[in-house]
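Work through the exercises below with the structure open beside you. Try each task before you read its solution.

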Amino acid sequence: MSEGRRVTSADVAREAGVSRATVSYVLNDTPHQKIAEATRQRVWEAAGRLGYAPSAAARALRMGRSDIVLGLLPDWPIEHVLGRLIQQLTNAFAEHGLTFVVHSSARPARPLRELWKSISPAAVLALQEFAEPEADAMRAAGVEVVMGMHGSIPGEKRAPLVSEQPIGSVQARHLAASHRRLGYAYPDLPELDVLAQPRLDGVRKVCAELGLPEPDVRTVPLDARGAAEAVRAWLAEEPVVTGVCAFNDDVALAVLAGLGHLGLRAPQDLAVIGVDDIPHASLAQPPLTTVFRDTDTIARNMARRVVDTLGGKTIPAEPVQDELGIRIRQSA
């Protein structure tokens, strides 16, 4: 092969000892083609050795659509958990030959309509709901799939792909084993309501089932003085709040800082449970009890639902599998 010449699918076919059609079927993951796994592996290895990269435009023409999935991020802090989920979604879509492109709505980001018109995605995966006219315009322009992880997507009867309510339920059941009055530490960012409200609903549901009082909800800022005010209010309640479900680990760490600011400790004065098991959770004083979830499985399941929908398959109406567990440490 002459130096500088672009590698073609014919080169890959010769290298792998298969037809160009087989190369196309394998590299494009064409459905309904019965190709032995050993042959698929041989084609991928040949493509890797030759450095073959199919043209995105050519691929779009062959498939009748682009290979881009546009991920829409709300104006949320991109920290450990969200960053990990974005990477896992990127990997999961790549396994299906799709490219996950992320767009944040944080200002001064490029307007969403300009973006999706310029890249013509095959699918849009929104972490939060967005305006109905925007969703309608996407569908009218040929975007095949519009899905929402959290919140509803206008025009879709399907429930959100990921349910947050079970998280609050797991927190509340853990604390209710030894506490008769619970509090809820709500985040002070309104943008997080789409996550916080269903988690709080899960806590409320468990309290009602177990005959416990309604949880006392306090907004907790991420600073020790502000959190101390919430702690002081919980301890002044009648009956007193002795266990707190926090929206996430960051808010739970703020509650612990608020306790320390008042010269108090968890769990002796107030038990605290968080969500996400971030790296700092185990380093807190005391180490933080927290709910964790399998975000890699969530990412793979969401990618599969997008791919199946693109392929015309009917996907389940229920949320994706979301295994929850608790890292039990000293704070609760």
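pLDDT is the predictor's confidence in each residue, on a scale from 0 to 100. Contact means heavy atoms within 4.5 Å. This is a predicted model: local features need pLDDT of at least 70, side-chain atom pairs count only at pLDDT 80 or more, and totals for chains, interfaces and linings use all residues. Residues are numbered from 1 along each chain as its sequence is written, and side-chain values use heavy atoms, with hydrogens and water left out.

**Exercise 1. Find where pLDDT stays under 50.**

Step 1. Now go to residues 60-64, where pLDDT stays under 50. For this stretch the model has 6 contacts beyond four places in sequence.

**Exercise 2. Describe how helix H2 packs with helix H3.**

Step 1. Locate them: H2 covers residues 20-27 and H3 covers residues 37-50. Helices (H or I, at least four residues) are DSSP runs, numbered from the N terminus.
Step 2. Recall that two packed helices are described by the angle between their axes and the distance between the axes. Axes are lines fitted to C-alpha atoms, for helices over the stretch in contact, and angles run from 0 to 180 degrees between N-to-C directions.
Step 3. Here the angle is about 90 degrees and the axes are 10 Å apart. Therefore H2 is roughly perpendicular to H3 (65 to 115 degrees; under 35 is roughly parallel, over 145 roughly antiparallel, the rest oblique).
Step 4. List the partners. Thr22, Val23, Val26 and Leu27 of H2 meet Thr39, Arg40, Val43, Trp44 and Ala47 of H3.

**Exercise 3. At what angle do H8 and H9 cross?**

Step 1. H8 spans residues 165-176, and H9 spans residues 193-209.
Step 2. Their axes come within 6 Å and cross at roughly 45 degrees. So H8 is oblique to H9.

**Exercise 4. Is alanine 303 buried or exposed?**

Step 1. Alanine 303 counts as buried because its relative accessibility is 0% (buried means under 20% relative accessible area, exposed over 50%, partly exposed in between; 1.4 Å probe, protein chains only).
Step 2. Look beyond neighbours within four places in sequence: alanine 303 is in contact with Ala92, Phe93 and His96.
Step 3. Check alanine 94, 209 residues away along the chain: its C-alpha atom and that of alanine 303 are separated by 9.3 Å.

Definitions and conventions:
Helices (H or I, at least four residues) and strands (E, at least two) are DSSP runs, numbered from the N terminus.
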